[in-house]
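Trainee: Could you take me through the charged pairs in this one? I would like to go slowly.
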Amino acid sequence: MTLIAVSIPVDDSADLDAALESARRAARDGADLVEWRVDGLADRLLPRDAELAQRLVRRLIEVAPKPSIVTVRCAHEGGAWRGDDAHRVAFLEAIGTGDPAPRYLDLELASFERSANLRQKVRLAVQHDRQARDLKTSLMLSAHDFDSRPADLLSRYARMVDEPACAVAKLAWRARSLRDDLEAFEILRERRAPTIALCMGEFGLVSRVLARKFGAFLTFARADGGIETAAGQPTVRELVQRWRFRRIGAATKVCGVIGWPIGHSLSPDLHNAGFDALGIDAIHLPMPIEGSWESFKATVGAMIDFEPLSFRGASVTIPHKEHLVRFVRERGGTLCPIAERCGAANTLTVERRDGTTELGAVNTDAPAGVGALLAGMRSIGAGVASPADRAALFGRRVALLGAGGAARALALGMLDAGAEVVVFNRSRERAEDLVREIGAARGGRGASPIRVGGGLDEVGAVGPFDAIVNTTSVGMEGGETQGRSPIAGDFPFAPTMVVMDAVYRPRETPLLRAARRAGAVVVDGTQMFLRQAEAQFELWTGQAPPPGVFAQALDRAERPS
Ligand code: NAP
């Protein structure tokens with residue numbers, strides 16, 4: 001079983017009560033161990049007030065709700081201890097042999113190896129008799145690199161596990177990409193002793209959550225509201241609740257959302273709620289991949305080829321939707337007809353059958369967007385020829401705002417459903433490219449026309465329209481255009497008109513607010529977002545998520561905690 005250790009820094013004697021309260025909360029949230037990071041405290045008090053420092057640390061150990069790890073991390077491995085190693089080791093020796101004693105003492109491999117005298121003292125402090133070790137203080141040897149993967153990572157690991165006094169070997173380094181997480185998993189798979197292998201920074205969450213899948217001794221987390229002692233640490237509550245740590249096992253299948261940046265995606269909340277509702281042993285995680293084609297190809301390729309990861313697919317978003325199509329083509333996989341024709345896909349599927357791996361790139365944005373728009377059209381009722389099917393769009397005039405990836409998918413979907421599409425975009429050239437390429441992709445099929453209408457300020461002059469569909473990012477929360485509408489606030493919306501926005505944060509964009517006030521039917525971006533996610537879930541699992549589960553998960557995820 002992989003434990004959760006909450007890491008709590010203690011810099012001052014005045015911090016003791018708050019630190020203990022944090023530990024109690026973390027234990028309630030699910031922490032199994034408390035790492036007391038007392039480097040700040042030790043740095044302040046040693047060697048002058050060594051007895052006071054010992055008393056304070058013993059109090060932490062005694063009152064802690066869970067067994068303790070005591071760490072006095074030195075500055076060159078990311079800690080606050082700047083003093084002489086001899087003082088630090090004398091302190092650890094006193095703590096390790098005192099009463100109460102912590103379950104583990106952590107010491108950096110580099111410090112441990114620096115002097116024979118020190119090694120002898122540490123070995124004494126941890127009473128390294130292998131038989132009885134479980135009952136006494138044990139030594140955790142550790143190595144950290146806050147910049148990158150150290151060149152001698154594997155030799156450091158070998159030196160740790162070869163040391164008889166070492167009960168747990170810990171490696172932590174700043175990941176340069178998700179490929180570093182895969183190396184952490186390789187180390188865990190081939191471990192020769194209880195091992196912790198974690199990646200720090202924005203690429204490291206996967207290694208922290210999946211530590212359990214690969215049998216790590218423990219993973220670190222921070223206390224709720226507490227500061228992280230290493231970059232990228234989730235809180236204990238996030239680890240247990242959002243990332244479902246206790247439900248992860250060796251057989252857990254792995255999916256994710258790939259994009260750059262990706263930290264704020266709510267896709268994992270939806271898919272994980274679906275896995276829970278259906279009892280499927282799988283996890284969906286954010287998977288940041290830098291924007292270039294090379295990064296995408298190398299990282300996704302490595303995840304697919306590393307079979308123990310059980311990688312089953314991913315939601316793919318900006319800026320990698322076109323990379324996905326290229327990748328699956330290069331690997332000889334299958335493209336859905338829409339991905340084939342519009343050159344972009346948002347879903348990767350990875351199926352393993354009889355020793356072979358089959359890849360697929362599917363565009364669920366187009367059917368999701370069209371489905372959401374159709375639902376809006378049906379709700380108008382009057383004038384809709386066939387409310388139950390795609391005929392609701394047949395012959396309808398739609399103003400499509402935007403000419404990016406979402407616009408391409410929606411243009412194809414709407415044209416296939418028989419709509420007439422007029423494209424408006426800030427950059428006219430891009431709108432012309434879209435019209436030419438989508439027209440060519442459709443070949444001679446159907447009579448539905450697509451043409452360029454002009455800039456975003458020309459929609460009123462070219463109308464009237466049955467529907468306006470915004471696929472620009474204008475109005476998106478946190479973006480430069482937050483609070484703005486892609487078309488003028490006094491646009492003459494009509495009650496017979498459907499206005500849909502692909503932007504889903506906020507739910508009511510300035511465009512939708514103006515349209516709703518004028519009596520138009522509005523369709524917010526969550527309608528498309530939920531549909532495209534539900535279709536992805538079905539592609540990976542073969543089952544639809546139970547009705548309402550994704551919508552409820554989205555409501556929960558959007559609620560401020
Ligand atoms: P994209 O390929 O980057 O396209 C961005 C579009 O927005 C382009 O048409 C761009 O115009 C326009 N734009 C950006 N900033 C603008 C500004 N300041 N003024 C006017 N126009 C501006 O992105 P995408 O993948 O199509 O995504 C577009 C939006 O749809 C995003 O907000 C995304 O979150 C949302 N989306 C939602 C869903 C869903 O499920 N609800 C699915 C996919 C996408 P130029 O061509 O002139 O640059």
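Mentor: Let us begin with a term: helices here are DSSP runs of H or I with at least four residues, numbered from the N terminus. Please keep in mind that this is a predicted model.

Trainee: Okay, how many salt bridges does the structure hold?
Mentor: There are 40 salt bridges in the structure, and in general, side chains of opposite charge can pair when their charged atoms come close.

Trainee: Which residue does glutamate 21 pair with?
Mentor: Its partner is arginine 24, with the closest N and O atoms 3.2 Å apart. Both residues belong to helix α1 (residues 16-29), where they sit 3 residues apart, about one turn of the helix.

Trainee: Switching topic, what does arginine 114 meet in a salt bridge?
Mentor: Arginine 114 meets aspartate 85, at 2.8 Å from N to O. This pair links distant parts of the chain, since arginine 114 is in helix α5 (residues 109-114) and aspartate 85 is in helix α4 (residues 85-97), 29 residues apart. Aspartate 85 is buried, with a relative accessible area of 15%, whereas arginine 114 is partly exposed at 48%.

Trainee: What about lysine 297?
Mentor: Lysine 297 forms a salt bridge with glutamate 330, and their closest N and O atoms are 3.3 Å apart. Lysine 297 lies in helix α12 and glutamate 330 in helix α13, so the pair ties together parts that are 33 residues apart in sequence.

Definitions and conventions: Residues are numbered from 1 along each chain as its sequence is written. This is a predicted model: local features need pLDDT of at least 70, side-chain atom pairs count only at pLDDT 80 or more; totals for chains, interfaces and linings use all residues. Side-chain values use heavy atoms; hydrogens and water are left out. A salt bridge is a side-chain nitrogen of Lys or Arg within 4 Å of a carboxyl oxygen of Asp or Glu. Helices (H or I, at least four residues) and strands (E, at least two) are DSSP runs, numbered from the N terminus. Buried means under 20% relative accessible area, exposed over 50%, partly exposed in between (1.4 Å probe, protein chains only).
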